[in-house]
Amino acid sequence: MHDSAAVPGIIERVARLGWSVGDVEPDTGVFIRLRTKPQLVIGEVAEQQGWSGSAYATSTEELKELVLIPSDALEDHFGRWPGGSR
């Protein structure tokens with residue numbers, strides 16, 4: 001991905017989709033992996049968008065691609081699981 005302005009919206013959509021799946025509740029949260037060029041720290045982008053408590057690391061390029069958005073942040077944002085996908 002080359003458009004860094006699109007990253008916050010992608011995080012929002014993927015988090016919503018992950019929270020809407022009704023088979024097994026994501027009790028620890030939703031993991032998102034997103035590759036960009038140059039590689040953004042996806043967890044920092046998520047926190048800037050209000051995803052408090054997100055877990056991420058910056059020690060390698062591969063870890064910069066990952067963020068865990070915790071269940072309590074997802075529930076605060078989208079309501080009780082499973083949330084709607086829209």
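Buried means under 20% relative accessible area, exposed means over 50%, and partly exposed is what falls in between (1.4 Å probe, protein chains only). This is a predicted model, where local features need pLDDT of at least 70 and side-chain atom pairs count only at pLDDT 80 or more, while totals for chains, interfaces and linings use all residues. Residues are numbered from 1 along each chain as its sequence is written, and side-chain values use heavy atoms, with hydrogens and water left out.

**Exercise 1.** Find out how many aromatic pairs a search of the whole structure gives, and work out where the partners sit.

Solution. Start with the rule: rings of Phe, Tyr and Trp (its six-membered ring) pair if their centres lie within 6.5 Å; planes under 30 degrees apart count as stacked, over 60 as edge-to-face and the rest as tilted. The search turns up 1 aromatic pair. Its partners are Trp-51 and Phe-78, at 5.6 Å centre to centre with 50 degrees between the planes, so the pair is tilted.

Trp-51 is in the loop between α2 (42-48) and α3 (61-64), and Phe-78 is in helix α4 (residues 71-78).

Finally, check the cover. Trp-51 has a relative accessible area of 2%, so it is buried.

**Exercise 2.** Count the salt bridges, then trace the network around Glu-65.

Solution. A salt bridge here is a side-chain nitrogen of Lys or Arg within 4 Å of a carboxyl oxygen of Asp or Glu. That rule gives 4 salt bridges.

Take Arg-33 and Glu-65 to begin with: their side chains meet at 2.7 Å, N to O. Arg-33 lies in strand β1 and Glu-65 in the loop between α3 and β2 (66-69), so this bridge ties together parts that are 32 residues apart in sequence. Glu-65 is buried at 8% relative accessibility, whereas Arg-33 is partly exposed at 48%.

Now look at Glu-65 again: its side chain also meets that of Arg-35 in a salt bridge (3.5 Å, N to O). Arg-35 sits in the loop between β1 and α2, 30 residues from Glu-65, and the pair links distant parts of the chain. At 52% relative accessibility, Arg-35 counts as exposed.

Another bridge joins Glu-61 and Lys-64 at 3.0 Å, N to O. Both lie in helix α3, 3 residues apart, which is about one turn of the helix. Glu-61 has a relative accessible area of 42%, so it is partly exposed.

Put together, salt bridges that share partners join Arg-33, Arg-35 and Glu-65 into one network.

**Exercise 3.** Describe where Arg-13 sits and how far its C-alpha atom is from that of Ser-85.

Solution. Look for Arg-13 in helix α1. Its relative accessibility is 55%, so Arg-13 counts as exposed. Then go from Arg-13 to Ser-85: they are 72 residues apart along the chain, yet their C-alpha atoms are separated by 8.3 Å.

Notes
Helices (H or I, at least four residues) and strands (E, at least two) are DSSP runs, numbered from the N terminus.
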